[in-house]
Amino acid sequence: VQLQAFGGGLVQPGRFLRLSCAASGTIARINRMGWYRQAPGKQRDLVASVTSGGSKDYADSVEGRFTISRINANNTMYLQMNTLKPEDTALHYCNAEIRTRWGRSPSDYWGQGTQVTVSS
């Protein structure tokens, strides 16, 4: 199983970016999916998560600005980031709890990070 994240870049404050994450490989079911971010010298923190049923959770710092979504049929997840701020600058990682075969316990998978830099 692989997770690939796309969509990072350099933008000015107030602008937007959309991150994408695609899971591939042998997948029976994807449970929870989420985006995390890590700024230099800081711990990796949850940004937003979404369950297979569509329940969403956001960090207080992004509530109202970011929107997480997923398409279960395509094993993909998105993060629409609006009104970006310099403090959103970080390496953003996608994460998913994936069951590769029925009867097996799910495991945690991480994609490579995609850099988001917000600067004027």
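Is Asn75 buried, partly exposed or exposed? I looked up the accessibility and found Asn75 partly exposed, because its relative accessible area is 22%. The scale I use calls a residue buried under 20% relative accessible area, exposed over 50% and partly exposed in between, with a 1.4 Å probe and protein chains only.

**Ground rules.** I am working on a predicted model, where local features need pLDDT of at least 70, side-chain atom pairs count only at pLDDT 80 or more, and totals for chains, interfaces and linings use all residues. I number residues from 1 along each chain as its sequence is written, and side-chain values use heavy atoms, with hydrogens and water left out.

**Overall.** I looked up the secondary structure and noted zero helices and 11 strands. Read from the N terminus, the order is β-β-β-β-β-β-β-β-β-β-β. Helices (H or I, at least four residues) and strands (E, at least two) are DSSP runs, numbered from the N terminus.

I checked the radius of gyration next: the protein has 14 Å, which agrees with the value near 14 Å for a compact globule of 120 residues. That radius is taken over C-alpha atoms, and the globule rule is 2.2 Å times the number of residues to the power 0.38. The box filled by the C-alpha atoms is roughly 50 × 25 × 20 Å along the principal axes.

Of the 120 residues, 38% are buried. The exposed surface comes to about 6500 Å², of which carbon and sulfur atoms supply 44%. I note that accessible areas come from the Shrake-Rupley method with a 1.4 Å probe, and for residues only the protein chains shown count as cover.

I then looked at contacts, meaning heavy atoms within 4.5 Å. Among contacts with a separation of 6 or more, 54% join residues 24 or more positions apart.

**Strand β11.** I followed residues 114-118 and listed Thr114, Val116 and Val118 on the covered face, with Gln115 and Thr117 on the uncovered one. In a regular strand the side chains alternate between the two faces of the sheet.

I looked up the partners of β11, where pairing requires that DSSP finds at least two bridges between two strands. Strand β2 (residues 9-11) pairs with β11 in the parallel sense over three bridges. Strand β9 (residues 90-99) runs antiparallel to β11 and is joined to it by three bridges. Val116 is the bridge partner of Gly9, and Val116 also stands opposite Ala90.

**Strand β5.** I picked two residues here. Val47 lies in β5 (residues 45-50) and counts as buried because its relative accessibility is 1%. Leaving aside neighbours within four places in sequence, I found Val47 in contact with residues including Trp35, Tyr58, Phe66 and Leu79.

Ser49 is also found in β5 and is buried, with a relative accessible area of 6%. With neighbours within four places set aside, the contacts of Ser49 include Arg32, Met33, Lys56 and Ile68.

**Positive phi.** Asn75 has phi near 55° and is found in the loop between β7 (66-71) and β8 (76-81). Thr83 has a positive phi of about 45° and is found in the loop between β8 and β9. I put Thr83 down as partly exposed, because its relative accessible area is 45%.
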